[in-house]
Amino acid sequence: MSHMKNKKTLIIDEEQQRRYEKHRESFLNPNLPYQPFIKTMNFTRSSGTRSKFPHFRDSGRLIHLMSYNELCAYLTVLHNHEVEEVYEQFALPIEDTLPICDELGINHPYGKNRGRLGYESFDFLIKLTPSEERNTDWMAIAVKPTKELFKPRVQERFALQESYAMLNDIQFVVLDSDQLRGIKSETLELIYRNRTLEPFAETFYEDWLNTLRGELLFNAHERMQKLLKNAASANGITIELSQDFFRHALWSKHIGMNWEMRLRMEQSPQRLGVFVL
């Protein structure tokens, strides 16, 4: 009888299982477009602002985000690390999470039907560019509002995710809203669309950057807008393209700034903390 009882408790939520199978296949098969386990249309329990945001490299792919905190996390990770790929809403195999929950002495996640098992998921699984400076090229990220960090069930799910990460050689990171929400995230969202340059613009970029270096050296007390206008005139490009180049240089870390300052072009480079890296 106990064997039958155990079998009954291992029934998986059918709707979640269907989504998981498509999701898992898309992760394992590089010829398939990645399908997150949770899409914005699936997840109605989130109190956050759900959105779809352009992938940093693949113009045909949208990243499914369940909150503004997740958007901030996505931008922060992309800017702070050399990222090869992003897998948002990444589900963990039940055959792995069940024994972890047993070991930790916690309840396994359920589906909408409390009698059926559901899947745990990372908010993000990040593939980093290989580096000898790191022990692993994989990073898992959990995103939560700061006020929820110490709720008992949240702590249990962190423990589950961290245990799975450790067993699979993945670095586990928790990012909370107090860390994420700030002026830097607002600026990263502003400059994100300039993360890449059109091929025709690339031919002008290096000369423009060298010109701006000189402007920053000699005219750092002037308004940033004037320096961008000077760099545009010197290179025979429009002021709009010069502004795009400036945002691209910030995203690409060719230029640094004080990320605690709002990016207002009427301010001087000195005030903004703008400098060439």
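I began with the contacts (heavy atoms within 4.5 Å) in the protein chain: of those between residues at least 6 apart in sequence, 64% join residues at least 24 apart. The model is predicted, so local features need pLDDT of at least 70, side-chain atom pairs count only at pLDDT 80 or more, and totals for chains, interfaces and linings use all residues. Residues are numbered from 1 along each chain as its sequence is written, and side-chain values use heavy atoms, with hydrogens and water left out.

Next I looked up the whole chain. I found 11 helices and eight strands, taken as DSSP runs numbered from the N terminus (helices H or I, at least four residues; strands E, at least two). Of the 277 residues, 47% are buried, meaning under 20% relative accessible area with a 1.4 Å probe, protein chains only. The C-alpha trace spans about 85 × 40 × 40 Å along its principal axes.

Then I turned to His79, which sits in helix 3 (residues 68–80). His79 has a relative accessible area of 5%, so I noted this residue as buried. Leaving out residues up to four places away in sequence, I listed Lys184, Leu188, Leu250, Trp251, Lys253 and Trp259 as touching His79. The His79 side chain reaches the backbone oxygen of Leu250 at 3.5 Å.

Last, I checked helix 7 (residues 183–191) against helix 10 (residues 239–251). Leu188, Leu190 and Ile191 of helix 7 meet Arg247, Leu250 and Trp251 of helix 10.

Technical notes
Buried < 20%, exposed > 50% of the residue type's maximum accessible area, 1.4 Å probe, protein only. Polar contact = N/O pair within 3.5 Å; in protein donor to acceptor, adjacent residues only side chain to side chain. Axes fitted to C-alpha atoms, helices over the stretch in contact; angles between N-to-C directions.
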